[in-house]
Amino acid sequence: MGRDDVAVGVGGEGGILENGKIQQNVGGYLPIIQQGIGTAGYCRYRQAIPIGLGGLLDVDTAYGFRKSFLPQGRRRYYPLQQPTVQKVLIDAISAGPINVLITGAQTNVAIFLMNNPHLKKNVEHIYVMGGSVRSKSQTSWGPQNASSSCQSRPCSDCGNLFTDSTSNPYAEFNIFLDPFAAYQVIHSGIPVTLVPLDATSTIPITVNYFDMFEQNQRTFEAQYCFKSLKMARDTWYNDQFDKSGYWHKKINIVKPRLLPVKYVNLINSGENEYAEMEYMNITVVTSNEPYGVSDGSNPLFDGLKIPKFNLTKGGVHSGHVQMGLRDPFCIVENEEGRCEDGYTAEVSCTEAVRVLVAIRAKPNRDSNSSLDREFYKRYLDVLNRPQQTGKFNFTTQFPYYKDTLYTPDLRGKKLGKNLVFDMDMSVGDFLALFYLLKVPVEVINLKAILVTPTGWANAATIDVIYDLLHMMGRDDILVGLGDVFAMKQEDLIFSGVGDCKYKKAIPHGSGGLLDSDTLYGFARDLPRSPRRYTAENSIEFGAPRNTDHPELRQPLAKEILENISKSLDPGSKITVLTNGPLTNLANIILSDKNISTIIQDVCIVGGHINYDKGDKGNVMNVPSNEYAEVNMFLDPSAAKILLESKFNITLIPLSIQRKVSMFPKIIERLRLKKKTPEAVFVRRVLSRLHRLQKMYRRYQHMDTFLGEILGAVIVSTDHCILNATFQTKPIKIFATGVESEDGQIIIDEKQGKPVKILENVDPSAYYDVFAHQLGEEEQSAVIGSFDDQRQIWSTPTNGTESAIG
């Protein structure tokens, strides 16, 4: 859009102390009532959002269009160099009078207002997309009909929490994700305009509007918005996309995000060109009656002599706070749910705030138009204006762009051990993948990669795997997406959502998901692969209809193993190397015993043998669990199934990983070797991890990822070279649901399962083997970086005319 001047704020490592003091640069990763010192925490509200298909995976990838359509600019994320949310807000609002538009949770703006009251005067107006005030049948309500007390008069099923409406039928997602933050914004004293479901539900995507949109895509931004909308329709669960009640409940989560920035045209006068407006007295419900009763659900009051933020004891914030999905407090048999957290309710009392509310879309003033809403017409007009339009998409950004898949010529080669790599996409896993791709195919035949999104990265990071494979000329390697929830964490009623009992240990910010998803700022250095995650689907795999390109559908982990089992030579088997939680293999064991028969050996990087109390594990942010290793903790039930299975298992425990986690030594070895693109890339990554570890407390666990490379070296190298020794011991893992012991492994002579455990390895030999292999010119990168790709696509002599071999 030609707006590289616009500041972008992400995250921040500040926290909120128990006494309510808000530190600088709180990142907004967690709702205010859950925010502690770090960026890890429980998903009290967020668990209502689907994570996989149809949820965050599709939002994070824009259904797969993010990489195929959006151009790649020069700006990018760098660890601890990215401007924080609070810095961007302070800089922008300090500069002078400004308006604020919020299209998601209000955490960041609320924290800003609470911590910078002196800057409130510069905020002229706040516009909020979200909330739900009145049901469709009650739009005649006015303030005169509201309760005389601060008790709300709930509308009937007016919210859009389609994943948990039995608990809370009143809230809308944006407000529900942080009700206390929304309360702070609404009650800030700054004029607020609310655009709730009341209004957005009156602009459904009708067949007529959809057809008109399809015919009007004269700009890149119009094309992008239509692609996203069409994929939402094509992957809809039934044929009533334009009529279903779920439209108002679900699609309004993403509809505001389809609005281009240049569409913002809101006014303060109470009159609006596109919507009927009405002033209402409302508040945001943050807790449920009875107030003042401590039941362990409310961190603002429970266990505190003085409530956080000096809140009033017995006040509107002091009741029961919804604990998550299916909160027993919220469920009333044969009645609607009783919880109202996040409900934007009409009241008439001291809690009431006068807010300008959009109540319904206005009809089209042009009687000759086939579109019956003024919004429809205006939206398409603005999207297609030639002014302030997008400059290019990804393919038109480069005059000589061409999709090319790179595959090796394996004719005449005797392929080595069949290997499947199961990874959770931590930075250590990517370094291990580089190594596996460098091992001669005569030694290791990497057949496929299984992705486990229950660990260090979000599912959308699968695109980084595709880019790395493209760089190394291995677009032939299959990639399968695994389950997004650890075992026993998926909701029994709505499988798209679930708990985060174990994954809550992973930080959202620095040293956690933010860095893993961006490969610590290096992901954009990788060449962009034509392969990527896409929401494309087909009837053959259970979808309600075929999308435009069902052949591009993202295969699942189990399907990948099914394909491998059919393609193996008679008598051939595979070895599986796991570098993360064991979710994928456990699910396969339970669902298909035939597939399990093709697995000969399983090498598990993880587990910690608890020999004595002084030898601690490495689970972060769960102080009660001192002795588990993080991969085992992230899915202890899966680990128990696998470790008690009949597979030949080799365990590479935490104690040995720690022996080979010396950054200076491995970096020095790489510096002395030949500088292949992959060796240079790996050295840059390791150097950054080492620098971050030395300088910042948030990065003290970086050596965890360095140790994860060991499994790749063990499965591909003569053990004599590494001086590796093993011992078989009977082990037992705890998976009882008790947080303080889940994932812990002990030696149990009576009930333990015999497992081969790596006892020792020569660190110096290991560093040498790893660095030497990365420096080899054989099986080196086909295209070294995105900059190389940029140069190829920008010159007339197109180097992508043919694939390798």
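This is a predicted model: local features need pLDDT of at least 70, side-chain atom pairs count only at pLDDT 80 or more; totals for chains, interfaces and linings use all residues.
Start with a salt bridge: Glu678 pairs with Lys438, and their closest N and O atoms are 2.7 Å apart. This pair links distant parts of the chain. Glu678 belongs to helix H22 (residues 677–695), while Lys438 belongs to helix H12 (residues 427–438).

Now step back and look at the whole chain. It contains 27 helices and 15 strands. Its radius of gyration is 27 Å, close to the 28 Å that the globule rule gives for 805 residues, so the chain is as compact as a globular protein of that length. Along the principal axes, the C-alpha trace spans about 85 × 65 × 50 Å. Of the 805 residues, 58% are buried.

Helix H6 covers residues 179–186. Of its 8 residues, 7 are buried, so the rest of the structure largely encloses this helix. Which residues of H6 are buried? They are Pro179, Phe180, Ala181, Ala182, Tyr183, Val185 and Ile186.

Return to the salt bridges. How many does a search of the whole structure find? The search finds 33. Take Arg66 and Asp463. Their side chains meet in a salt bridge, at 3.9 Å from N to O. Arg66 lies in helix H2 and Asp463 in helix H13 (residues 462–471), so the pair ties together parts that are 397 residues apart in sequence. Arg66 is partly exposed, at 34% relative accessibility. Asp463 is buried, at 4%.

Next come Arg74 and Asp787. Their side chains also form a salt bridge, with an N to O distance of 3.8 Å. Arg74 sits in the loop between H2 and H3, and Asp787 sits in helix H27, so this pair ties together parts that are 713 residues apart in sequence. Arg74 is exposed, with a relative accessible area of 62%. Asp787 is partly exposed, at 46%.

Salt bridges can also join into a network. Here, Lys230, Arg233, Asp234 and Asp548 are linked in this way.

Leu80 is in the loop between helix H2 (65–69) and helix H3 (85–94). Leu80 is partly exposed, with a relative accessible area of 36%. What does Leu80 make together with Met695 and Tyr696? These residues make a nonpolar surface patch of about 270 Å².

Aromatic rings are the next stop. A search of the whole structure finds 29 aromatic pairs. One of the ring pairs joins neighbours in the numbering, Trp236 and Tyr237. Their ring centres are 5.6 Å apart and their planes are at 50°, so this pair is tilted. Planes count as stacked under 30 degrees and as edge-to-face over 60, so 50° falls in the tilted class. Trp236 is buried, with a relative accessible area of 5%. Tyr237, at 46% relative accessibility, counts as partly exposed.

Which residues do they link into a cluster? The members are Tyr209, Phe210, Phe213, Phe226, Phe375, Tyr376 and Tyr379.

The charged end of Arg354 sits over the ring of Tyr279, 3.8 Å from the ring centre. Another example is Arg553, which lies over the face of Phe541. Its distance from that ring centre is 3.8 Å.

Finish towards the end of the chain. Pro796 lies in the segment after helix H27 (786–793). Helix H27 is also the helix that holds Asp787. Is Pro796 buried or exposed? Pro796 is exposed, with a relative accessible area of 62%. Now compare its position with that of Arg354, the residue over the Tyr279 ring. Pro796 and Arg354 are 442 residues apart in sequence. In space they are 62 Å apart, C-alpha to C-alpha.

Definitions and conventions: Residues are numbered from 1 along each chain as its sequence is written. Side-chain values use heavy atoms; hydrogens and water are left out. Rings of Phe, Tyr and Trp (its six-membered ring) pair if their centres lie within 6.5 Å; planes under 30 degrees apart count as stacked, over 60 as edge-to-face and the rest as tilted. Buried means under 20% relative accessible area, exposed over 50%, partly exposed in between (1.4 Å probe, protein chains only). A charge sits over a ring if NZ of Lys or CZ of Arg is within 6 Å of the ring centre and within 35 degrees of the ring normal. Patches are made of residues with over 30% relative accessible area and no salt bridge: like charges are joined within 9 Å, nonpolar side chains (Val, Leu, Ile, Met, Phe, Trp, Tyr) within 5 Å. Accessible areas come from the Shrake-Rupley method with a 1.4 Å probe; for residues, only the protein chains shown count as cover. A salt bridge is a side-chain nitrogen of Lys or Arg within 4 Å of a carboxyl oxygen of Asp or Glu. Helices (H or I, at least four residues) and strands (E, at least two) are DSSP runs, numbered from the N terminus. The radius of gyration is taken over C-alpha atoms; the globule rule is 2.2 Å times the number of residues to the power 0.38.
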